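Have a look at the structure first.

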Amino acid sequence: MEILVCVKRVPDTAENEIIVNRDGTDIEREDLVFSVNEWDNYAVEEAIQIKDKVGGNVTVITVGNDDAEEVVRREMAMGADRGILLCDEAFEGSDGKGIASILKAEIVKGKYDLVLTGAQADDGAGQVGGMLAAMLDWPFASLVNKIEVIDDKKILVGREIAGGNQEINEIDLPCVLSIQTGINEPRYVGIRGIRKVASADIPVHGANDLELSPELVGPAGSLVKRLDFFVPEPGEGAKMLEGNTQEILDKLVEILKSKGGIK
Amino acid sequence: MPGKIFVYVIHREGTADDTALELLAAAKKIDPEASVTALVAGSDKELENVVKQIAPSFNEVWKIDHESLSYIIAETLRPMLARIIPKGSILLIPHEHFSMDLSPGLSIKLEAAFIPDVVAFEDIKENKLTAIREEFSGQVSTHVMCDISQGVVISVRSGAFKPEATAAGKGQIVDKTSEALSGGIPNGKRRYLEVIEAETGEVDITKSDILVSVGRGIEDQDNMDIIYELAETMGGDISCSRPIVDARWLDKSRQVGTSGKTVKPKVYLALGISGSFQHLGGIKGSPFIIAINKNPKAPIFQIADVGIIADILEFVPELTGKIEEIKG
Ligand SMILES: Cc1cc2nc3c(=O)[nH]c(=O)nc-3n(C[C@@H](O)[C@@H](O)[C@@H](O)COP(=O)(O)OP(=O)(O)OC[C@H]3O[C@@H](n4cnc5c(N)ncnc54)[C@H](O)[C@@H]3O)c2cc1C
Ligand SMILES: Cc1cc2nc3c(=O)[nH]c(=O)nc-3n(C[C@H](O)[C@H](O)[C@H](O)COP(=O)(O)OP(=O)(O)OC[C@H]3O[C@@H](n4cnc5c(N)ncnc54)[C@H](O)[C@@H]3O)c2cc1C
C-alpha cells in the first residue's frame, strides 16, 4: 500500500506560552519551540503499522518553509520511507484551502492508495483533510481511531463520534482519512534515529514543479484572511487563592468542606 | 447583503440538538433581519418529529427525507446538500464530529469559503464577514475576514451563542427530497456498518459527586500516584482529560468531554487541565470547579470558581497531607 501522510510544523503549546506581538499582526515566533502537530505523529505511526502488516511505502509531506524540513526528517526517523517538502514563497499566507490545493497538486503526480492527515492542527481547524478529499473526489472519514485493511480495494475504518462511541465504516481506496489521537501509541524517536536520516534526501517542490496556478494559493487564493491576533478581555474568572502555601491550603480545605468536596 | 442563511440541524432519536437555537442566534448576529432557514435531513417518523420541534423557531424548514439518511453519513449527505444549497448562501453548522466529516468538503463542492470553529461574529460589510476564532488551544484569538461572495460554510462552536427569544418564524416546511436526489443516490464509496457504544468502566464517573480530574500537567505516568492518593483522601473518583487516555494511563471510561463522558458532580477539581472546549463540554450541572494550574493564563481559570496557581506535582501531595491532618 502506498501511503502519504501530511504533517504540519506547529509551535509546541505545552512548552510555550503564546504571546501576541506588539502590533497584533502575529505571535512572537522567535523563541518558540516547534514540533510536529500532535495528531500527525499518530497518523505517521498508523501508516508505519499498516505498512508493516501489508507492505508498501510511507511518504511524509509538508507545506512550509525551510524550517519545516526538520519535521519531515523527524517523521522519517520514526520509520517513514520518504519525505517531500513543498516550499515556495508563493505558498506563504495560504488559507486551509490553499494548503489543500498545494497538497492535491503533489498527490495527483504520485500514485497513492491512502492519504492520512491529522484530525486538526494548532488552529483547531480540522479542514485540510476534508478539503483535500473533496478536491480529489476521494471518499473521506474524519476522527479515525481504527484502521483495518480488508484487501487492496477497501479498508475498515472506525471513527470517533460523541460520547466516545465508535462508528464503523467500510471505505473504498483510494481515500483520505483524518486521524484522531489515541489510535495508537506513537513510537519514541531517539537521537540515533534522527542521525540515521540526517543525510536522507528530501526533495523540495515549488509552484512550478506542481504546475500550480498562483491564483489558487497564497494571499491571492485565500478567501479567508487572518487580520490579527489578540488576547480577549479576561472575564471575571475564578477567585484566585493567594498567599503562602499554608494559607492557600487552609482556604482550599475550608472551601472543599463547605462545598461537599471532602467525604 | 448576504445570500440566504441556513442552519444545519443535528438531531438524535427524533430530538433536535440544542445547537439548532444557538445557531439561529448566531445567524441573527450576522444579520438581525435575516429570514433563517433550517436544514434538516433524516428519514420517516424521526425526521417528522424534528421538523415539528424546530418549525416554530425558523422562517422556513428545508427537509430531505430518505431512507439512505436514517443514519447520516457525510459522504451520502454532502452531494445532496451541494445540489440544493443555492450559490452564495451562508451555512451554519455545529462544530463537532459530524461537521468535521461534512463541512470542509462541502465548502469545496459549493465553491464557497470555509471558516472553522467560530466563537463570535464581529461585523459584515458588503461581502466581507469578520468572525472571531481561537487558536493555540484558546491561548489567543484572531479576527478572520472572509470573502463570502461565493457563499460560506461556517462551523460554529457549541455554547458560543446563547439562544434568544426571537419572534416566532413562519415555519414553512419545504420538501427538498426530490431535488436532493436528482442525479441519483450518491454512490456509496463509504458504507456505514455499525456504532459500537462506549463502555462504562468499573467506576461510573457520570454518577460521582466529587471528581478529581487530571490532565497533561501530570507529565508522567509515575506521578499518577499522587492523584490516586488525593482522590482516596477526599472520597472522590478519578477522571481525566483526553491526553491521559491517549497515553493509556487511565481507561477511556474516565475521560470527561465531548468525546468522553458527561459528568455532573458537585465538586470538580481540575489538576493540570488547560480547559479546552471539548473538555468543558463534558461538565454539566454547574459543579463548583476548582482549578490548579501553573500557567496563570490557562483558559480553565476563566470558567473555574476558584483557582490556584501552583505546580500540581508539589501542591497535590501537600493538599492530601492537609486533608488527612484535619480528618485525623
Ligand atoms: C504566517 C501565516 C499566515 C497565515 N495567514 C492565513 C490567512 O490569512 N488566512 C487563513 O485562513 N489562514 C492563514 N494561516 C493559517 C493557514 O496557513 C492554515 O490554516 C493552514 O496551514 C492549514 O492549517 P490548519 O491548522 O488549518 O490545518 P488543519 O486542517 O487543522 O490540519 C489538519 C491536518 O492537515 C494537515 N496539514 C495542515 N497544514 C499542513 C501543511 N502546511 N502541510 C502539510 N499538511 C498540513 C496535517 O495533516 C494536519 O494534521 C496563516 C499561517 C501562517 C503561519
Ligand atoms: C474531536 C475532538 C474531541 C476531543 N474530545 C475531548 C474530550 O472529550 N475530552 C478532553 O479532555 N479533550 C478532548 N479533546 C482534546 C482537547 O482538544 C485538548 O487537547 C485536551 O482537552 C487537552 O487536555 P489537557 O488540558 O489535559 O492538556 P493541555 O491542553 O496540554 O494542558 C495541560 C495544562 O497543564 C498545565 N500544567 C503543565 N504542567 C503542570 C504542572 N506541573 N502543574 C500544574 N499545571 C501544569 C499547563 O499549564 C496546561 O494548562 C478533543 C479533541 C478533538 C479534536
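Let's start with Ile290(B), whose bridge partner in E17(B) is Val306(B). Strand E16 (residues 288–293) of chain B and strand E17 (residues 306–309) of chain B run parallel and are joined by 4 bridges. Two strands pair here if DSSP finds at least two bridges between them. Strands (E, at least two residues) and helices (H or I, at least four) are DSSP runs, numbered from the N terminus.

Step back and you get an open sheet of 6 strands with parallel pairing, in the order E13(A)-E17(B)-E16(B)-E15(B)-E13(B)-E14(B). Its edges are strand E13 (239–240) of chain A and strand E14 (237–240) of chain B, each pairing on one side only. Helix H6 (residues 224–234) of chain B packs on this sheet, touching strand E13 (210–214), E14 and strand E15 (267–271) of chain B (contact means heavy atoms within 4.5 Å). The direction of H6 makes about 170 degrees with that of E13(B), using lines fitted to C-alpha atoms, for helices over the stretch in contact, and angles from 0 to 180 degrees between N-to-C directions.

A word on the ground rules: this is a predicted model, so local features need pLDDT of at least 70 and side-chain atom pairs count only at pLDDT 80 or more, while totals for chains, interfaces and linings use all residues. Residues are numbered from 1 along each chain as its sequence is written, chains are lettered from A and ligands numbered from 1 in the order written, and side-chain values use heavy atoms, with hydrogens and water left out.

## Chain B as a whole

Chain B has 10 helices and 17 strands, and its C-alpha atoms fill a box of roughly 70 × 45 × 35 Å along the principal axes. Among contacts in chain B with a separation of 6 or more, 63% link residues 24 or more positions apart.

Asp137(A) sits in the loop between helix H4 (128–136) and strand E7 (140–149) of chain A. Glu13(B) is in the loop between strand E2 (11–12) and strand E3 (15–16) of chain B. There's also a cis peptide bond between Leu173(A) and Pro174(A), with omega about -5 degrees.
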